[in-house]
Amino acid sequence: MERRKVIIMGAGGRDFHNFNLFFKDKEQYEVVAFTATQIPHIDKRVYPPSLSGGFYPRGIPIHPEEELPSLVKDNGVMEVVFAYSDVSHEYVMHKASLILSLGACFSIIGTSETMLESKVPVISVLAVRTGCGKSAVTRRVAEILREDGHKVVVVRHPMPYGDLTKQGVQRFETFEDLDRHNCTIEEREEYEPHIEKGVVVFAGVAYGEILNAASKEADFLLWDGGNNDLSFFKPWLQLVVADPHRAGHELRYHAGETSVRLADVVVINKVDTAKAEDISTVKKNVRSVNPTCIFVETESPISVDSPSLIQGKRVLVIEDGPTITHGEMPFGAGYIAAKNLGASEIVDPRPFARGELREVFKKFPHIGPVLPALGYIASQIKDLEETVNSCSCDSVLVATPIDLRRMINVKKPSVRARYDVREKGKPDLREVVHGFVSRIRSGVNK
């Protein structure tokens, strides 16, 4: 039997999961390559034999997505699977048009083939775009469950940016675990806030094994999604966070629209800083594809530990990297905080950018006068540190989910901005979670 040759287009997460669940042990398929984009320095690796299984004794090569046309032609590829997220529907169909023009089929693997079923109740927290406040909502849900005496484990969407042979199943309980796994800034930004709250986090590559391990420690599993991707675990309750600052995106981006259609609850975040008409637009759009979901409104209050270092000062603002880059936000919570606290100027970092950060500003021209925290590898962290310290400013406002000053040496006066979620009106997240727990106790499973 001739094996059907396949390439999986990815970004170091969903692509590996789709392979593990759908392709790994199927003799009729031969996955000849993965391609990689979005995240720098995740190509030119190999998906290792320890993860790829018996049909792939040498593993599977990972190539830059730019090489896709030649890979299709040179390998006689019959099908290309799209497996990454936070891209517009138009972007997806441009990729589809390219693949079809090369003579191959274009496909997206469905939820029934890629969601693992759990015996432990799963609450998934997803988003319509990266940067909506999804992780803060996850932390709030965890807080509610733990206040009621439940054991909670967070399972984070994959971020396997390092040595894949060591990242099958990762468990994070302490900051030392982050060091032991050589976590990047981007990984720390997702794991550290949960660890600070005393919540164990699992992540990695092999999500079947992760589900088994995490289930042994939990009364409830919280799926903390990445970008706007779908859950890898079949949700018993699905929350999706929307951002009225990007009204309309809830129906224009993959895979956010799918999540909205499947949502039990849509959390409209940042209502304290959004326009009323944009909040209404989000609700109208959601209702057009999901007439039965519950709406919860939340604010995203920002606090700064030393406001005097901002007021009247020339301030450099450092924002969460993915939110500002492929999340397409010109700025984030730090910029808003600096404006609200009366900064005399928000200093544009472009003239001071070092190394790869120069290329980031060229690649993402939508970025406003803020510095995205880029730190996937050591050289990028060095570039970030040098950029910050060369900047002509009075002070630095760190608005990343972690205290970046533990990763880089900031030689200027600096303060940290923190942001969380706070419910506004009813129903709120507590009512949603308590209602769900009551249904579980009464034996009613969605």
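This is a predicted model: local features need pLDDT of at least 70, side-chain atom pairs count only at pLDDT 80 or more; totals for chains, interfaces and linings use all residues.
Let me begin with a pair of helices: α6 (residues 134-147) and α16 (residues 429-441) pack with their axes 10 Å apart and at an angle of about 55°. That angle makes α6 oblique to α16, where angles under 35 degrees count as roughly parallel, over 145 as roughly antiparallel, 65 to 115 as roughly perpendicular and the rest as oblique. Axes here are lines fitted to C-alpha atoms, for helices over the stretch in contact, and angles between N-to-C directions run from 0 to 180 degrees. Helices (H or I, at least four residues) and strands (E, at least two) are DSSP runs, numbered from the N terminus.

Residues are numbered from 1 along each chain as its sequence is written, and side-chain values use heavy atoms, with hydrogens and water left out.

To return to the helix pair, the crossing of α6 and α16 is right-handed, meaning that the near helix is turned clockwise from the far one by less than a right angle, anticlockwise being left-handed. Which residues of α6 and α16 meet? On the α6 side they are Val 137, Arg 140, Val 141, Ile 144, Leu 145 and Glu 147, and on the α16 side Leu 429, Arg 430, Val 433, His 434 and Val 437. Contact means heavy atoms within 4.5 Å. The residues of this contact divide into seven nonpolar, one polar and three charged; Ala, Val, Leu, Ile, Met, Phe, Trp, Tyr, Cys and Pro count as nonpolar, Asp, Glu, Lys and Arg as charged, and the others, Gly among them, as polar. As a general point, an α-helix has 3.6 residues a turn, so residues three or four places apart point the same way.

Helix α16 leads us to a sheet. It lies across β8, β12, β13, β15 (265-268), β16 (294-299) and β23, running at about 165° to β13. These strands belong to an open sheet of nine, with mixed pairing and the order β10-β11-β9-β12-β8-β13-β15-β16-β23. β10 (169-172) and β23 (422-424) stand at the edges, each with a single partner strand, so one side of each is left without a neighbour in the sheet. Neighbouring strands of this sheet are turned by 25° against each other on average, direction ignored. Two strands pair if DSSP finds at least two bridges between them.

Within that sheet, consider strand β8 (residues 122-127). Are its residues mostly covered or uncovered? Six of its six residues are buried, that is, under 20% relative accessible area, with exposed over 50% and partly exposed in between (1.4 Å probe, protein chains only). Val 122, Ser 124 and Leu 126 point one way, while Ile 123, Val 125 and Ala 127 point the other. On one pairing, four bridges join β8 to the parallel strand β12 (residues 220-224), where Asp 224 is the bridge partner of Val 125. β8 also pairs in the parallel sense with β13 (residues 237-242), over five bridges, and there Val 240 is the bridge partner of Leu 126. Elsewhere in the sheet, β9 (residues 152-156) and β11 (residues 200-204) run parallel and are joined by three bridges, with Val 154 opposite Val 201.

I turn now to a second sheet, an open one of six strands in the order β3-β4-β2-β1-β5-β7, again with mixed pairing. Its edges are β3 (46-47) and β7 (105-107), each with a single partner strand, so one side of each lacks a neighbour in the sheet. Strands β1 (residues 4-10) and β5 (residues 79-82) pair in the parallel sense over four bridges, and Ile 8 stands opposite Val 81 in β5. Helix α3 (residues 68-75) packs on this sheet, touching β1, β2 (29-36), β4 (60-64) and β5, its direction making about 170° with that of β1. Helix α4 (residues 89-101) also packs on the sheet, touching β1, β5 and β7, and its direction makes about 155° with that of β7.

Finally, two details. Glu 257, in helix α10 (residues 256-262), counts as buried at 16% relative accessibility. Leaving aside neighbours within four places in sequence, Glu 257 is in contact with His 89, Glu 250, Leu 251 and Val 289. In helix α13 (residues 333-340), the buried residues are Ala 333, Gly 334, Tyr 335, Ala 337 and Ala 338. Just after α13, Gly 342 takes a positive phi of about 80°.
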